[in-house]
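Please read them with the structure open.

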Amino acid sequence: MENFRNIIFDLGGIFIDIDYFKTENAFIELGVTNFSELYNQHHANPLFEQLETGKLDENGFYQAFREATQLELSDKQIKEAWNAMLGTFAPEKLEWLKEISNRYKIYLFSNTNAIHYDCFQQIFRDNTGYKNFDDFFIKAHYSHKIGVRKPYPEAFTKLLEIEGLEADETLFIDDTPKNIDGARQAGLHTILLQSPKTVLDLDL
């Protein structure tokens with residue numbers, strides 16, 4: 001890996017455990033029987049794309065979700081079901097991240113939204129005692145803050161431009177095949193890292 005100077009990491013499934021079925025099941029209990037058609041690891045309908053690119057704020061999302069589902073759900077019900085997918089951070093992965101940062105310039109690029117961001121940062125503080133997950137990276141980029149999301153190649157191109165990185169010097173690590181394909185189209189080197197393998201299994 002001596003040709004790589006930079007590594008861009010995904011968040012969900014890489015550093016925080018994600019269980020999409022927990023959110024799907026939580027919404028099913030609320031009467032949203034088709035949630036998997038609206039959002040899953042591999043697909044997001046326009047409502048969720050707008051949320052994850054910052055075009056919809058939290059309150060706008062709750063209202064749009066009620067309109068899309070024709071259900072009179074409270075903001076709290078939607079928020080708790082939406083956050084149900086978020087798991088925990090493994091301390092050993094954070095120690096690994098500290099070590100790898102001594103050898104590479106490391107960044108984060110996550111498809112997320114303001115609701116999840118606030119929730120996983122609180123989970124991070126509760127799990128680890130650290131203050132902010134973003135501090136582990138030179139820069140943590142989130143789709144709802146920069147206005148673009150994976151898997152679109154232009155999202156990766158924008159990130160490279162923001163940070164002044166060369167694609168052929170940059171490795172991207174993610175657990176979703178579509179995101180890996182988008183990164184490759186943008187010229188990045190890639191590793192598809194899926195369970196049961198973790199970052200602890202990487203030879204970097």
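1. Helix 1 (residues 20-29) packs against helix 5 (residues 75-83) in this predicted model. Their axes are 7 Å apart and meet at an angle of about 150 degrees. Angles over 145 degrees count as roughly antiparallel, and the two helices are therefore roughly antiparallel to each other. Helix 1 makes the contact through T23, A26 and F27, and helix 5 through I78, A81, W82 and N83. By type, the residues of this contact are five nonpolar, two polar and no charged.

2. Which residues of helix 6 (residues 91-100) are buried? They are K93, L94, W96, L97 and I100. Viewed down the axis of helix 6, the buried residues fall within an arc of 155 degrees, so they line one face of the helix. The elements that cover them include strand 1 (6-9), strand 2 (16-18), strand 6 (105-110) and helix 7 (114-128).

3. The structure holds 27 aromatic pairs. In one of them, F109 and F156, the ring centres are 5.7 Å apart and the planes stand at 85 degrees, so the pair is edge-to-face. F109 belongs to strand 6 and F156 to helix 9 (residues 153-163), so this pair ties together parts that are 47 residues apart in sequence.

4. F124 and Y130 form a stacked aromatic pair, 6.2 Å centre to centre, with 20 degrees between the planes. F124 is buried, at a relative accessible area of 0%, whereas Y130 is partly exposed at 31%. F124 and Y130 also belong to one aromatic cluster with F9, F15, F89, W96, F133, F136 and F137. W96 of that cluster is among the buried residues of helix 6.

5. Helix 10 (residues 177-185) has N179, I180, G182 and A183 buried. Down the axis of helix 10, its buried residues fall within an arc of 160 degrees, so they line one face of the helix. They pack against helix 9, strand 8 and strand 9 (189-192).

6. The C-alpha atoms of G187 and E166 are separated by 9.0 Å, while the two residues are 21 residues apart along the chain. E166 sits in the loop between helix 9 and strand 8 (170-174). With a relative accessible area of 48%, E166 is partly exposed.

7. Where does Q70 lie? Q70 is in the loop between helix 4 (58-69) and helix 5. Its phi is near 60 degrees, a positive value in a residue other than glycine. Q70 counts as exposed, at 66% relative accessibility.

8. The peptide bond from K150 to P151 is cis, with omega near 15 degrees. P151 is placed in the loop between helix 8 (143-146) and helix 9. The bond from S195 to P196 is cis as well, again with omega near 15 degrees. P196 is found in the segment after strand 9.

Definitions and conventions. Residues are numbered from 1 along each chain as its sequence is written. This is a predicted model: local features need pLDDT of at least 70, side-chain atom pairs count only at pLDDT 80 or more; totals for chains, interfaces and linings use all residues. Side-chain values use heavy atoms; hydrogens and water are left out. Buried means under 20% relative accessible area, exposed over 50%, partly exposed in between (1.4 Å probe, protein chains only). Helices (H or I, at least four residues) and strands (E, at least two) are DSSP runs, numbered from the N terminus. The arc is that of the directions from the helix axis to the C-beta atoms. Contact means heavy atoms within 4.5 Å. Axes are lines fitted to C-alpha atoms, for helices over the stretch in contact, and angles run from 0 to 180 degrees between N-to-C directions. Angles under 35 degrees count as roughly parallel, over 145 as roughly antiparallel, 65 to 115 as roughly perpendicular and the rest as oblique. Ala, Val, Leu, Ile, Met, Phe, Trp, Tyr, Cys and Pro count as nonpolar, Asp, Glu, Lys and Arg as charged, and the others, Gly among them, as polar. Rings of Phe, Tyr and Trp (its six-membered ring) pair if their centres lie within 6.5 Å; planes under 30 degrees apart count as stacked, over 60 as edge-to-face and the rest as tilted.
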